[in-house]
Amino acid sequence: MQLNSNIHLPGFEAFTIQKSEEVDGIYYLHVDREVKNHRCPACGAYTSNVHDYRVQKIQHTRIFGRQVYVFYRKRRYVCRSGCGKRFYEDNPLVERYQRQSMEMKQAVAMELIHGKSFRDVAHRFDTSPTTVIRRFDYITAPLLDETQTLPDVIAIDEYKGDAGGETYQTIIADPVNRKPLEILADRRKETVKNYLRKHGERVKMVVMDMSHSFKAAVDQALGHPIIIADRFHFCRYIYWALERVRRQEQNAFDDYDRKKCKRMKHVFYKQPETLTDKQAWYLERYLQKSAYLKRAYQLKEAYRLWFETAKENGSKHLGATKAHLYEFYDLVRESGVTEFEQAIGTLQNWQKEIMNTFGFELHNGYIEGINNQTKVLKRNAFGFKRFDRFRAKVLLHHQYKKLDIRVA
Ligand SMILES: [Zn+2]
């Protein structure tokens, strides 16, 4: 197939296609520009005196599904004002000394930011993983919007990124505008503390899980700001308690029910109103088999009622929320379900921070979304094992989620 010279090709508006040929499924385009007045970069005089030509071979993005190479016959002008300067013509196709067109580099950059693996991007742009990794390293510094001063409200969470030889990283996020601000290399207290000391002078509130090391880091670096326990994290203690009871109790069931109960475990966590008849039947069956499991289940439901009411009460009826929480503690103590007694021990230790959740109506649930996105990243981990790349990848992906960018 011949590409006609007056066909419109994106990126070639300023060029004349002198010749096009297809060899073994690859397009070769031979292009140049018209002679034009250019301003001498040395003395500022105008010239259209041609000095000579050099042919530059450039890889371009695919067109009609075919690989494209461009032979650009690049013109050099010579200044005639007496300065004698020789210089290349302007062109919107390729930068000096580059072997890929700007269009190609731009397309690669967008793909690198938007969640594909290096290997995949390399494959789709007919280039090598090393080349796209080099490109990624090159674009990250100018594109990344580095957070210097943290906002008034931040969220801290651990983050299972498996990067730089550490299983866990720490993510610092903005829970109000829902965006990640920083990823720290590990979750050690010293790491978090040092970072907050440097960037946290404005921070007044911190949403976090119930980690003593985070709390100590925050208190020491920021001088006891308001700490808000994240609701997802404290609710987990109750669900874990029920989970432990279920596992232990089903062990006493016969073989069939033990396996079935394990498979049907979701019926214990779903809201009872939303269970199908079949699910409700199984739930009832297992609760009948173990009085201890039944007590644990009822406690979980009592907790859920407290939690839903507390959310509705919000900041207006904190007193009622607190009184209701004490009633729940009493229920647990009377029940003798030790797994739940342990769980409320944790809730009591963090009670002030838990109550703050409702007082300030803040949480960091959206970080879970970031975590899920990272799982996809990890499946395509090639190249992202290095911490600096991992960090850049996560931050860039979120910063440019809704934006189109121009990459220089
Ligand atoms: Zn000149």
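Student: What arrangement do the four donor atoms around the zinc ion make?
Tutor: A tetrahedral one, because their angles run from 99 to 122 degrees (four donors count as tetrahedral if all angles lie between 85 and 135 degrees). This is a predicted model, where local features need pLDDT of at least 70, side-chain atom pairs count only at pLDDT 80 or more, and totals for chains, interfaces and linings use all residues. Residues are numbered from 1 along each chain as its sequence is written, and side-chain values use heavy atoms, with hydrogens and water left out.

Student: Which protein donors does the zinc ion have?
Tutor: The SG atoms of C40, C43, C79 and C83, at 2.2 to 2.4 Å; donors are N, O and S atoms within 2.8 Å of the metal (3.2 Å for Na, K and Ca), and water is not among the atoms, so sites may look incomplete. Their spacing along the chain is C-x2-C-x35-C-x3-C.

Student: Is C40 buried or exposed?
Tutor: C40 is buried, at 3% relative accessible area, while C43 is partly exposed at 41%. Buried means under 20%, exposed over 50%, and partly exposed in between, using a 1.4 Å probe and protein chains only.

Student: New topic: how many residues of helix α13 are buried?
Tutor: Seven of its 10 residues, so α13 (residues 351–360) is largely enclosed by the rest of the structure. Helices here are DSSP runs of H or I with at least four residues, and strands are runs of E with at least two, numbered from the N terminus.

Student: And which ones are they?
Tutor: Q351, E353, I354, M355, N356, T357 and F358.

Student: What follows α13?
Tutor: E361, with a positive phi near 50 degrees.

Notes: Tetrahedral: all angles 85-135°; square planar, octahedral: opposite > 155°, others 65-115°.
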